[in-house]
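Colleague: I would like to learn how to read a few features of a model, one after another. Could you take me through them slowly?

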Amino acid sequence: MSAEQSNPQDLTIAQFLALFSRFSRTQQDQIARAIWKRTFAAQWRLLDKELPDSDISEEDVLEELSAVRYGKTAKN
């Protein structure tokens with residue numbers, strides 16, 4: 001089955017990957033980025049449902065990031 005003759009809905013993952021492998025690495029990167037951009041919002045909604053809500057300020061986040069990055073002890 002050629003990609004030109006099929007509907008995208010009829011394309012299996014294996015067929016997509018076989019077609020994908022025909023592209024150059026640069027084109028594969030562009031395709032992957034386009035897919036990521038189209039699916040990011042849906043993926044984020046799923047992840048957000050799993051993450052706990054936390055009352056933490058931006059200042060606290062930056063302080064913790066600095067502590068981890070530079071090996072310092074956070075105040076909290």
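Modeller: Let us begin with Arg33, which is exposed, with a relative accessible area of 52%; here exposed means over 50% relative accessible area, buried under 20%, and partly exposed in between, using a 1.4 Å probe and protein chains only. This is a predicted model, in which local features need pLDDT of at least 70, side-chain atom pairs count only at pLDDT 80 or more, and totals for chains, interfaces and linings use all residues. Residues are numbered from 1 along each chain as its sequence is written, and side-chain values use heavy atoms, with hydrogens and water left out.

Colleague: With which residue does Arg33 form a salt bridge?

Modeller: A salt bridge is a side-chain nitrogen of Lys or Arg within 4 Å of a carboxyl oxygen of Asp or Glu. The structure holds one, and in it Arg33 pairs with Asp29, the closest N and O atoms being 2.9 Å apart. Asp29 is partly exposed, at a relative accessible area of 37%.

Colleague: Why are Arg33 and Asp29 separated by about one helical turn?

Modeller: An α-helix has 3.6 residues a turn, so residues three or four places apart point the same way. Arg33 and Asp29 are separated by about one helical turn because they lie four residues apart in helix 2; helices are DSSP runs of H or I with at least four residues, numbered from the N terminus.

Colleague: Is Gln28 buried or exposed?

Modeller: Gln28, found in helix 2 (residues 25-50), is buried, with a relative accessible area of 11%.

Notes:
Helix = DSSP H or I, 4+ residues; strand = E, 2+ residues; numbered from the N terminus.
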